[in-house]
Amino acid sequence: MAPIAKALFQPSPRLSLRRASVADLEAMLEIALAALPMDPQWDYRFPHRRAYPSDTRKYTRMRYREFLEDQNERWVVMLAEHRPAQDSREPVAFAVWEIKNIRKQKTVQIQLEKNLNVLHRPPFRQRRRDGDCKRMQAWTDTTSASKKLLFDSQFGASHFQLQILATHPEFQRRGAGGQLVGWGIQLAQCLNMAISVFASPMGERLYLRLGFVSVASVFVNVEKELESVVLAAMVYVPSGSSRPSSRKDAPMATEMSLIRLVRLPIQTRSAQGSFQGPASGAKTRENLDDIGGACPA
Ligand SMILES: CC(C)(COP(=O)(O)OP(=O)(O)OC[C@H]1O[C@@H](n2cnc3c(N)ncnc32)[C@H](O)[C@@H]1OP(=O)(O)O)[C@@H](O)C(=O)NCCC(=O)NCCS
């Protein structure tokens with residue numbers, strides 16, 4: 001592990017991590033609704049959230065329930081708890097990881113995604129009064145196209161994604177976010193896989209400190225609108241890996257320092273080759289019976 005990253009997510013005696021369950025849904029929701037509006041994409045996608053806070057709460061709860069009740073091992077949610085005394089614990093931060101590449105259920109997964117898109121997402125969007133339909137669609141189109149272009153094309157199935165990271169504002173800057181990302185970094189090192197993320201400005205600072213590199217800036221924008229949000233597409237590549245480990249080494253970083261993706265179709269394409277699979281000696285995905293405990297620090 002790179003020394004800087006290790007120093008930053010040194011476990012604190014007052015913080016502990018565990019896998020979240022459905023029982024944690026309301027606690028996650030409180031953290032999310034306090035923290036995520038600090039990320040500019042929140043107001044961009046949900047510009048009417050102040051007029052319709054109950055919709056924001058309702059649809060965020062619905063989405064998080066999907067993460068927590070997921071039967072297909074697509075998502076894993078980790079919770080950071082503050083422990084002011086021996087037997088008191090308070091959830092203060094959480095991270096949602098998309099781990100479908102770690103599991104071997106591709107066929108089921110593709111089917112699941114199709115169903116989600118067709119059955120849930122459009123009606124979901126049209127009903128919510130807090131959001132802007134076109135922007136939400138632009139967000140989904142742009143992030144999914146960028147994921148394919150920037151991450152899947154480079155890493156194939158050898159990356160997993162940090163989807164959401166949030167720390168309650170009262171507990172920010174105390175190391176919870178770093179520990180949650182550190183959990184993923186240890187897993188990435190253990191499996192010799194990369195981590196991908198579309199970072200907010202607050203997240204970007206933290207990820208840079210933990211050894212992630214920025215590979216592109218991704219613009220989310222609806223045609224003919226002036227408003228947009230910019231996300232930093234970032235990767236963490238374990239040290240000692242045969243894959244690029246710094247921005248300087250990453251050919252895609254120099255060639256694709258700025259990608260302007262205004263919904264679909266994609267305007268720029270990388271010509272890079274794919275990356276090699278896990279190095280010999282790395283744990284295989286099949287050996288991972290328990291994501292939470294399979295890779296010791
Ligand atoms: C991004 C976010 C999750 C970080 O969570 P966090 O718990 O504050 O993260 P950490 O405490 O580990 O690190 C944050 C900063 O605190 C610093 N820090 C860590 N431990 C610290 C401590 N004990 N004392 C003081 N500062 C500390 C870190 O160095 C880091 O500094 P930096 O921002 O200058 O890089 C949080 O700011 C947040 O919820 N933001 C809104 C939502 C968002 O943007 N999410 C990211 C989406 S990609």
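## Contacts along the chain

Residues 24 or more positions apart account for 76% of the contacts in the chain with a separation of 6 or more. Two residues are in contact if their C-beta atoms, placed from the backbone, lie within 7 Å. This is a predicted model: local features need pLDDT of at least 70, side-chain atom pairs count only at pLDDT 80 or more, and totals for chains, interfaces and linings use all residues. Numbering starts from 1 along each chain as its sequence is written.

The chain holds nine helices and seven strands. Both are DSSP runs numbered from the N terminus: helices are H or I with at least four residues, strands are E with at least two. Of the 297 residues, 35% are buried. A residue is buried if 20 or more other C-beta atoms lie within 10 Å of its own, exposed if 12 or fewer, and partly exposed in between.

Two strands pair if DSSP finds at least two bridges between them. In general, strands of a sheet pair through backbone hydrogen bonds, either parallel or antiparallel.

## Strands 1 to 3

Strand 1 and strand 2 pair in the antiparallel sense over five bridges. Here Arg19 has Met78 of strand 2 as its bridge partner. Strand 2 (residues 75-85) also pairs with strand 3 (residues 88-98), antiparallel, over nine bridges. These two form a hairpin with two residues between them. Ala85 stands opposite Ser88 in strand 3. Leu79 has Phe94 of strand 3 as its bridge partner.

Strand 7 (residues 228-236) is mostly covered, with seven of its nine residues buried. Strand 5 (residues 194-199) pairs with strand 7 in the antiparallel sense over five bridges. Phe198 stands opposite Ala233 in strand 7.

Strand 6 and strand 7 also run antiparallel, joined by eight bridges. Val218 stands opposite Leu231 in strand 7. Strand 6 and strand 7 form a hairpin with six residues between them. In the turn, Lys224 has a positive phi of about 75°.

## The nonpolar core

The largest nonpolar core has 64 residues. Such a core is a set of buried Ala, Val, Leu, Ile, Met, Phe, Trp, Tyr and Cys residues joined through C-beta atoms within 7 Å. Phe94, Ala95 and Met234 have the most contacts inside the core. Helix 7 (residues 176-191) gives this core its largest share, eight residues. Ala95 touches Met78, Leu162, Ile164, Leu165, Leu180 and Val181, not counting residues up to four places away in sequence. In soluble globular proteins, nonpolar side chains tend to be buried together.

## Two buried positions

Val197 is found in strand 5. Val197 is buried, with 24 other C-beta atoms within 10 Å. Leaving out residues up to four places away in sequence, Val197 touches Gln161, Leu162, Tyr207 and Met234. Val197 and Phe151 are 46 residues apart along the chain, yet their C-alpha atoms are separated by 9.3 Å.

Leu187 is found in helix 7. Leu187 is buried, with 23 other C-beta atoms within 10 Å. From Leu187 to Pro238 is 51 residues in sequence and 9.8 Å in space, C-alpha to C-alpha.

## Around the ligand

The ligand is surrounded by 22 residues. A residue counts as near if its C-beta atom, placed from the backbone, lies within 6 Å. The closest are Thr167, Gln172, Gly177, Gly178 and Gly203. Strand 4, helix 7 and helix 8 (201-209) each supply at least two residues of this shell. Helix 8 gives the most, with five residues.

By class, the shell has ten nonpolar, seven polar and five charged residues. Ala, Val, Leu, Ile, Met, Phe, Trp, Tyr, Cys and Pro count as nonpolar, Asp, Glu, Lys and Arg as charged, and the others, Gly among them, as polar.
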